[in-house]
Every structure is written in structure tokens, then in C-alpha cells.
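Please keep the sequence and the structure in view while reading.

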Amino acid sequence: MNMQTPHIDEWMENVTYDELSVGQSARLVRTVTVEDIQAFAAVSGDINPAHLNAEYADATMFHGVIAHGMLGAALISALFGTQFPGPGTIYLGQELKFTKPVRIGDTLTVLATVTEKDDEKKRIAVDCQVSNQKGEVVLKGVARLMPPTQKVRVPRVNAPQIQLFDPEARQKALLALTEGLDAVRCAVVHPCDEGSLSGALDAAQHGLIVPVLIGPEGRIRRVAEEAGLSLEGVEILHVEHSHAAAQLAAEMAANKDVEVLMKGSLHTDELLKAVLGQPALRTGRRLSHVFRFDVPLYAKPLLITDAAINIRPTLPEKADIIQNAIDFARIMGTEAPKVAVLSAVETVTPTIPSTIDAAALCKMADRGQIKCGLLDGPLAFDNAISPEAVRIKGIDSAVAGQADILAVPDLESGNMVAKQLEYLAGASGSGLVLGARVPIALTSRADGPTARVASAVLAVLAAHDSRKKQEADAWKSGH
């Protein structure tokens with residue numbers, strides 16, 4: 001077996017009992033981050049809201065989030081175990097006194113000084129002091145240690161990475177994108193179950209939409225009553241059934257009475273058929289769906305298209321699908337989205353048609369037939385999102401390992417990828433139909449209120465972008 005020799009800074013070397021003397025000291029410096037506090041809470045199970053809930057913490061005597069006291073103690077333990085005395089040290093006991101709170105952003109200096117040596121038992125006493133960047137002592141005490149008696153020099157082991165994912169924080173960040181935007185009038189089509197109705201009302205409470213509920217009024221009111229939802233001040237347009245609801249919503253969108261459509265408890269094809277039946281809503285581009293996922297193990301939002309509408313898209317249809325996703329990614333703030341055109345392999349293979357399509361799509365982008373995005377493909381899933389997989393396979397690409405958009409070969413593969421991210425990887429998702437004159441918030445019956453609100457955010461952002469473009473066009477035509 002070949003073992004790579006570590007660099008000098010990758011070694012840990014201890015200080016033996018005989019090498020230690022009274023007055024000898026060592027220090028460790030660490031800046032406390034919100035991720036440190038969250039990780040300590042996750043490992044210890046200490047979810048005291050003083051450490052994790054900013055609103056609660058602001059109302060306490062500390063007036064803000066503070067770190068766990070034992071987080072500072074853990075830094076003392078880290079100094080003992082890695083540097084002074086280092087590997088082989090046995091931690092026998094510790095007296096601690098917490099003197100000041102530790103806050104996010106504080107830089108802590110741990111100072112350990114030998115105060116006693118017991119030659120008979122080979123034990124030492126160590127004075128421990130933890131200070132912040134202001135020089136204030138936040139933690140102090142005396143530790144009892146059994147230092148190593150034999151010299152040890154071992155490779156430094158990298159600690160396992162803890163992936164922290166805060167869905168609530170991600171949702172707040174997404175909602176923040178709509179700050180300063182007024183609510184848009186939204187036709188909620190046949191909201192005749194609790195999920196779709198509560199999702200629309202939640203979006204309204206967040207100031208995203210002004211809902212217009214279209215469907216059987218008696219049924220909608222029964223659902224609201226059974227779920228404890230208030231319909232006070234909410235406009236309801238009565239129609240007998242879901243087909244009529246879809247037809248009326250599409251007509252309202254065509255007449256610009258609403259800027260967004262939101263799917264309720266009806267089949268997707270019912271709604272889309274009504275939309276396609278309105279020439280004023282067509283753009284000449286294929287309708288397609290895009291998922292937006294916040295994935296715990298991925299550093300940025302990930303778009304997946306199309307996993308909901310187009311079953312086996314042709315090459316021209318794939319070009320439309322990708323262009324829709326690129327345009328939407330730009331609305332979300334990614335100026336030049338990186339598009340990974342997925343297949344099972346990263347090489348063009350005649351027996352795998354999706355690799356041929358991927359290569360053609362990339363050439364179409366080179367020729368300006370797909371604009372404003374950077375495409376590469378075919379790429380397997382791991383090559384699209386994993387820099388390590390890219391390095392191992394020696395792929396030279398500006399997209400591989402850092403994709404913003406995953407363009408899937410067909411609906412079946414895309415749907416499987418999306419569901420696996422949600423149910424196995426813990427991703428939080430939302431979705432939108434693009435390619436019409438109005439955005440369509442499309443959710444699944446299994447989606448919870450958070451996903452429905454997130455989908456409303458996407459629709460609102462797309463609607464405001466469309467409004468800006470229409471205003472710009474009107475201004476140009478007027479001049």
C-alpha cells in the first residue's frame with residue numbers, strides 16, 4: 001500500500017511529561033461562528049433557544065444569541081488533545097467558571113499554563129483561561145491532566161465535516177428576495193383541499209399575492225371551515241368544477257386581470273390545457289417546469305428541468321426548456337447560469353441518445369441558439385455537482401462540479417432525481433411553470449406549506465420581471 005507522506009504542517013507532535021515545566025504555556029485561537037453554535041447544538045442536543053433563536057435571545061438578559069458555555073470548554077479540550085500536551089494526554093478533570101457570554105463573531109484565545117507537577121504520579125495542574133478579542137476573560141478554571149510519557153508524532157487527521165442545513169433560514173433568505181415588491185394578483189385555481197387553500201392564504205399573509213380563489217364556493221368554504229382558515233376579505237369566484245376554474249383563470253390571465261396562476265387541487269394537464277387555449281398567453285416557446293432546490297450538501301440553489309411536464313422532449317423542445325431555466329435563473333440573480341446537460345455518462349455515446357442531444361445543445365449554445373448561459377454536456381450527475389468527481393475523472397469544464405441548472409434527459413429521470421433530493425437528501429424545493437405570458441406556481445399534493453409559499457415567491461419574482469419588461473417595451477414603443 002502506498003501512503004502519501006504528510007507535509008510538516010500535517011503532523012501532530014506531543015509534549016511529554018518530562019518536557020513540561022511549571023510556567024510553560026500554549027494557546028489556541030478560534031473565532032466563533034453561527035455554524036459553530038449550530039454544530040455544537042446538533043452534537044450535544046442542547047437546543048436552548050438562547051443559542052439558536054435570535055428573537056428569543058434578544059429578549060433575554062444577554063440581548064442576543066450566545067454560544068454554549070461548554071463550547072469554550074471544548075476549545076480547552078482541543079488544545080490539550082492536539083497541541084499541549086497533545087496526543088496521549090488523559091484529561092482527568094476540570095474546574096470551570098463562566099464569567100462572560102460568548103457571542104457570534106467573538107475571537108477566543110485559549111491560554112493554558114502549567115502550575116503544578118506531580119513527579120510521583122506523573123500528573124500536572126494547568127490554569128486555563130479563555131479571553132475574547134477585547135481581552136475580557138469569558139471562561140477560567142484549573143484542569144488536571146496525565147500528560148504522555150512517550151514522544152509521539154502522528155499525522156493530523158481531518159475532522160469529519162458537519163453539513164448544517166437550516167430550512168427556516170433558507171426560506172427567510174428566499175422571502176427576502178421579494179422585499180420591496182408589491183403583492184401580485186394571483187388566480188388560485190380550484191383550491192378545494194386544505195393544502196392548496198392554506199398555501200395560497202399563507203402566501204397572502206407573507207405579502208406575496210392577492211389571492212383570487214376560483215372554484216366551487218361552497219366547497220372552498222367547507223374546506224376553510226374544517227381547516228380553521230379565515231376567508232375574510234378574500235375574493236372568491238364561483239364556478240362549478242375544475243375545468244371551468246382553469247378556463248376562467250386562463251381568461252383572466254389573458255385579459256391581464258391576474259399576473260400569476262397558482263395550481264390548486266386539479267390535474268396539471270387541466271390547467272395547462274386551458275393556458276395553451278389562450279393565444280394571448282403563448283410566447284412561442286415550449287411550456288416547461290423548473291424545480292428550485294436548497295440541498296444540504298450543495299453550496300447554492302439547484303434548478304432541475306424538466307421533471308414535471310415534458311415526458312420525452314425533442315431536441316428543439318430541450319432547447320426551449322433550457323432557455324426557460326436560464327432566463328429564470330437570471331431572474332433569481334445568477335447572471336450567467338452554468339447548465340449541466342445530464343446523461344448517464346460524460347462522453348458522447350451513439351448508443352445513448354441523450355448524449356447526442358447534450359452535445360448538440362452545447363453546440364447550439366455556442367452558435368447563440370441558446371443564450372445567456374454556459375452549457376456543458378453530456379455530464380453524469382456526479383460530474384455535474386461534485387468537484388471531487390470532476391478531479392478524479394480529469395474533466396476540464398467550467399460547468400462540471402458547479403452546475404446551477406441540471407437539464408435532465410426526460411421527465412422520468414428528472415422526477416427521480418428531484419424526489420431523491422427531497423426525500424433522501426433532505427432538500428427543500430419549490431416549482432414553477434415557465435414559457436407562458438404568466439408564471440404558474442405548480443405544487444404537488446404532497447407539498448407542505450413551506451414549499452407552496454416558496455413556489456409563490458418564485459412566481460412573484462417572475463411576474464415582477466415580466467412587468468418590468470412590459471413597461472420597458474411600452475416605453476420604447478412610445479418613444
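**Basis and confidence**

This is a predicted model, in which local features need pLDDT of at least 70 and side-chain atom pairs count only at pLDDT 80 or more, while totals for chains, interfaces and linings use all residues. Residues are numbered from 1 along each chain as its sequence is written, and side-chain values use heavy atoms, with hydrogens and water left out.

The mean pLDDT (the predictor's confidence in each residue, from 0 to 100) of the protein chain is 91, and 96% of its residues reach 70 or more. Over residues 1-8, however, pLDDT stays under 50, and for this stretch the model has three contacts (heavy atoms within 4.5 Å) beyond four places in sequence.

**Helices α8 and α9**

Helix α8 (residues 242-254) and helix α9 (residues 268-276) have axes that come within 8 Å and cross at roughly 40 degrees; axes here are lines fitted to C-alpha atoms over the stretch in contact, with angles from 0 to 180 degrees between N-to-C directions. Helices are DSSP runs of H or I with at least four residues, and strands are runs of E with at least two, numbered from the N terminus.

From α8 the contact draws on Ser242, His243, Ala246, Gln247 and Ala250, and from α9 on Glu270, Leu271, Ala274 and Val275. By class, these residues are five nonpolar, three polar and one charged, where Ala, Val, Leu, Ile, Met, Phe, Trp, Tyr, Cys and Pro count as nonpolar, Asp, Glu, Lys and Arg as charged, and the others, Gly among them, as polar.

On a 1 Å grid over the protein atoms alone, a pocket is an open set of points with protein on both sides within 12 Å along at least five of seven lines, whereas a cavity is a set where a 1.4 Å probe fits but cannot get out; lining residues have an atom within 4 Å of a point.

**The largest cavity**

Three cavities of 30 Å³ or more are found in the whole structure, and the largest cavity has a volume of about 100 Å³. Among its 17 lining residues, Thr305, Lys318, Ala407, Val408 and Pro409 lie nearest its centre. Helix α11 (353-366) is one of the elements that give two or more residues to this lining, and its four residues are the largest share.

Notes. Grid points are joined across faces, edges and corners, and a volume is the space filled by probe spheres set on the points.
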